[in-house]
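Hi everyone, thanks for coming. I'd like to walk you through one protein model today, so let's get it up on the screen.

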Amino acid sequence: MSIADLRAPARAVNAQTADLTVVGGAGHVGIPLVLSFAAKGLTVNVNDVNEQTLATLKSGRLPFLENGAQPLLAKALADQRLFFTSRPNEISTKGPLIVTIGTPVDEFLNPVRGVVQQCIDELLPHLHDGQLLVLRSTLYPGTTDWIDSYLARKGRRLKLAFCPERISQGHGIEELSRMPQLISATSPEAEREAAALFGAIAPELTLLKPIEAEFAKLFNNAYRYIEFAVTNQFYLIAKSAGLDYKAILQAMKHNYPRAQNIPTPGFAAGPCLVKDTMQLLAFARNEFAFGNAAIMVNEGLPLHIIGDLRRRYDLSKKTVGLLGMAFKAESDDPRASLSYKFKKALAPHARAVLTTDPFVTSDPDLVPLDEVIARSDLLILCTPHRRYKDADFSGKPVVDVWGLLDTANLVY
Ligand SMILES: NC(=O)c1ccc[n+]([C@@H]2O[C@H](COP(=O)([O-])OP(=O)(O)OC[C@H]3O[C@@H](n4cnc5c(N)ncnc54)[C@H](O)[C@@H]3O)[C@@H](O)[C@H]2O)c1
């Protein structure tokens with residue numbers, strides 16, 4: 001099957017005959033993927049249980065910030081390349097099916113395999129043998145091979161592939177067209193079809209076995225998380241010596257090629273990096289020293305700052321303002337953001353905690369930046385959104401671990 005075989009004239013197509021289906025297609029991974037395929041002329045069945053998000057997309061709006069997505073959505077809708085469905089029995093029976101649903105860890109910090117299994121169980125009666133099923137969510141090592149044997153035990157002969165997503169959230173449109181795509185499958189036919197499918201949007205394909213691709217994705221994310229932890233630990237060591245890590249980091253990186261990738265310190269969390277480090281920890285039966293250490297350092301950083309502030313101030317007489325509630329700069333996504341850990345951990349100690357964010361729209365407690373500055377005695381830069389760089393903090397003391405601000409009233 002080539003990509004030309006997949007493409008059908010948009011006019012003659014409906015949800016059942018679309019070129020492909022993306023299950024979880026209205027999510028953070030789903031939307032850039034859907035729009036990238038549509039931009040290449042394919043018709044896509046956007047299948048998602050969240051009917052509200054589907055309605056938002058259908059009306060031409062994006063449910064969250066995604067760079068470069070708006071014009072692609074408008075064009076895909078105008079060209080009638082998108083179909084919106086919310087039930088498993090509404091998937092396209094013609095083309096491949098790509099699953100991009102969330103794959104969380106549970107209260108024991110272990111992966112929840114049942115989420116993927118349940119999704120597949122619901123889809124199975126509507127999939128036909130020979131159809132290509134691509135898993136794209138981040139998976140615990142061994143999951144793809146396990147699903148392959150699960151399908152075989154049920155007497156089903158689907159073509160199964162695992163092609164993980166590696167975009168940085170919010171930059172999917174640009175990165176999908178620039179980054180190599182990992183392709184793995186449980187049969188040569190499935191590998192060939194998955195390669196043809198992703199060859200339509202990716203500049204380069206890298207072939208691996210499913211378990212290798214599962215590890216590659218998890219290692220990529222855990223490595224990034226560990227990088228943040230290393231720089232955060234350097235920050236804490238420098239601070240304990242009474243030194244300015246920002247100046248040291250600048251000197252380390254200046255015209256020194258081997259240090260260019262060291263990130264600035266900051267509150268590293270979000271929906272993927274910690275969770276994926278935990279998946280590796282679970283696989284390694286908790287014997288993943290760097291992963292353990294990274295979680296301790298990164299998750300401990302807000303608590304360290306609060307401990308410091310409590311020694312320096314009587315917080316029971318102070319209102320603390322938190323600047324930025326998204327998990328990273330220029331994002332509107334508050335999932336697993338350490339800003340909320342700050343809020344929770346400060347609540348018993350501070351007179352009040354106020355929160356603001358220029359992008360987050362899902363939190364009714366947020367107040368405008370001016371109000372937070374006016375009412376707070378102390379400010380903490382939780383997320384380094386660019387617009388805070390030139391904000392007037394009215395001489396209030398500010399904590400800036402990120403090194404974003406040049407203001408004179410930094411606490412540290
Ligand atoms: N967010 C990222 O930038 C990113 C990057 C790379 C990989 N990943 C991985 O991709 C996966 C998805 O992450 P996400 O951030 O897009 O999650 P998300 O919650 O934004 O999107 C998942 C979507 O799946 C839908 N969904 C859930 N169960 C469904 C079902 N049974 N049928 C149809 N729709 C269903 C949800 O309604 C939601 O819209 C996870 O495994 C994550 O680790 C995420």
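I'll begin with the overall picture, then go through the strands, the cores and one glycine.

Please keep in mind that this is a predicted model. The protein has 14 helices and twelve strands. Along its principal axes, the C-alpha trace spans about 65 × 45 × 45 Å. Does the radius of gyration agree or disagree with that of a compact globule? It agrees, because a compact globule with 412 residues would have a radius of gyration near 22 Å, and the protein has 23 Å. Of the 412 residues, 52% count as buried. And if you take the contacts between residues at least 6 apart in sequence, 71% of them join residues at least 24 apart.

Strand 1, residues 20-23, runs parallel to strand 2, with four bridges joining them. Together with helix 2, residues 30-39, these two strands make a right-handed β-α-β unit. On the other pairing, strand 2 joins strand 3, residues 82-85, again in the parallel sense and over four bridges.

V23 stands opposite N47, and in strand 3 the bridge partner of N47 is T85. While you are in strand 2, residues 44-47, which way do the side chains go? V44 and V46 point one way, N45 and N47 point the other way, and all of them are buried.

In soluble globular proteins, nonpolar side chains tend to be buried together. In this model the largest nonpolar core has 59 residues, and I305, L309, F342 and I380 have the most contacts inside it. Helix 9, residues 210-240, gives the largest share of this core, ten residues. Apart from it lies another core, this one of 36 residues, with L54, F84, V134 and A161 among them.

Which residues does I305 touch, if we don't count those up to four places away in sequence? They are Y235, F267, F342, V399, V401 and Y412.

Last stop: G266. You'll find G266 in the loop between helix 10 (245-253) and helix 11 (273-283). Is G266 buried or exposed? Buried, because its relative accessibility is 4%, and the cut-off for buried is under 20%. Leaving aside neighbours within four places in sequence, G266 is in contact with N232, L301, V401 and W402. One more pair to look at is G266 and N298: 32 residues apart in sequence, and 8.3 Å apart in space from C-alpha to C-alpha.

How values were computed. Residues numbered from 1 in each chain as written. Predicted model: local features only at pLDDT ≥ 70, side-chain atom pairs only at ≥ 80, totals over all residues. Heavy atoms only, no water. Buried < 20%, exposed > 50% of the residue type's maximum accessible area, 1.4 Å probe, protein only. Contact = heavy atoms within 4.5 Å. Pairing = 2+ DSSP bridges. Right-handed = clockwise from strand over helix to strand, strands pointing away. Core = buried A, V, L, I, M, F, W, Y, C linked by side-chain atoms within 4.5 Å. Rg over C-alpha atoms; globule rule 2.2 N^0.38 Å.
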